[in-house]
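Subject: Structure for you to look at

Hello,

Here is the structure I promised to pass on. Please have a look at it first, and then read my notes below.

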Amino acid sequence: MRQIMMILSALLFLVAAEPLAAKNDSLKMARKAEKQREKEERKKLAEIERMAQPHFKGGDIDKFEAWVVANLKYDFGSLPRDTPHVRVEVPFYVEADGSTSLSDEEIPSERLYPRLVFEIKRVIQFSPEWEPGHDPLGNPIRTRQVLAITLQNHNYIGAPVAPRPIRRGRR
């Protein structure tokens, strides 16, 4: 009788444990499906964001920054000698047709470096065509960009001087 009770209790335990295991499996499957949906959603959003950004000659804003610096015609000797580098941020727009236009926002660094900002604006106006940004439906749109250029000031006089070795000579 005791053995029969043991067998019945084991069977009862297995029958009760089966739905729990199935429930755990279904929860795992639901979590996995939710993670997959989130991953696909992030992928779609990244694609939409990539489409929304304009491209300069197959590159991004960094490639444009290099192009602007290469085309600057500016006397860097006129930069103040007390700063090691100069950072200028110039907002502009990439139009739906791929051309560039300047923003009429006030540029804080324009007060410090008016000639430099003027030259950067001149170069931006004459930049080559961009590939415009697109909305989620694929239509070209006007997008705002900010060109942030950091220039090394070669006239900086505050650079630390390397210590000279002490010469030990004869006495």
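Predicted model: local features only at pLDDT ≥ 70, side-chain atom pairs only at ≥ 80, totals over all residues.

Three strands make up an open sheet in the order 2-1-5, and their pairing is antiparallel. Strand 2 (100–102) and strand 5 (143–152) are the edge strands; each has a single partner strand, so one side of each has no neighbour in the sheet. On average, neighbouring strands are turned by 40° against each other, ignoring direction. Three bridges join strand 1 (residues 85–94) to strand 2 in the antiparallel sense.

Next come the helices. Helix 2 (residues 61–71) packs on the sheet and touches strand 1 and strand 5, with its direction at about 55° to that of strand 5. Helix 3 (residues 114–125) lies across strand 1, strand 2 and strand 5, and runs at about 35° to strand 1.

In soluble globular proteins, nonpolar side chains tend to be buried together. Here the largest nonpolar core has 23 residues, and the members that touch the most others are Phe64, Val68, Val88, Leu116, Ile120 and Leu147. Helix 2, strand 1, helix 3 and strand 5 are the elements that each supply two or more residues to this core. What does Ile120 touch, leaving aside residues up to four places away in sequence? Its contacts are Val68, Leu72, Val88, Val90, Leu147 and Ile149.

Finally, the aromatic rings. There are seven aromatic pairs by count. One of them is Phe56 with Trp130, a tilted pair with 5.3 Å from centre to centre and 55° between the planes. This pair links distant parts of the chain, as its two residues are 74 residues apart. Phe56 belongs to the loop between helix 1 (2–52) and helix 2, while Trp130 belongs to the loop between helix 3 and strand 3 (133–134). Are these two residues buried or exposed? Both Phe56 and Trp130 are buried. Together with Phe64, Trp67 and Phe92, they form one aromatic cluster.

Notes. Residues numbered from 1 in each chain as written. Heavy atoms only, no water. Pairing = 2+ DSSP bridges. Helix = DSSP H or I, 4+ residues; strand = E, 2+ residues; numbered from the N terminus. Axes fitted to C-alpha atoms, helices over the stretch in contact; angles between N-to-C directions. Contact = heavy atoms within 4.5 Å. Core = buried A, V, L, I, M, F, W, Y, C linked by side-chain atoms within 4.5 Å. Buried < 20%, exposed > 50% of the residue type's maximum accessible area, 1.4 Å probe, protein only. Phe/Tyr/Trp six-rings, centres within 6.5 Å; stacked < 30°, edge-to-face > 60°.
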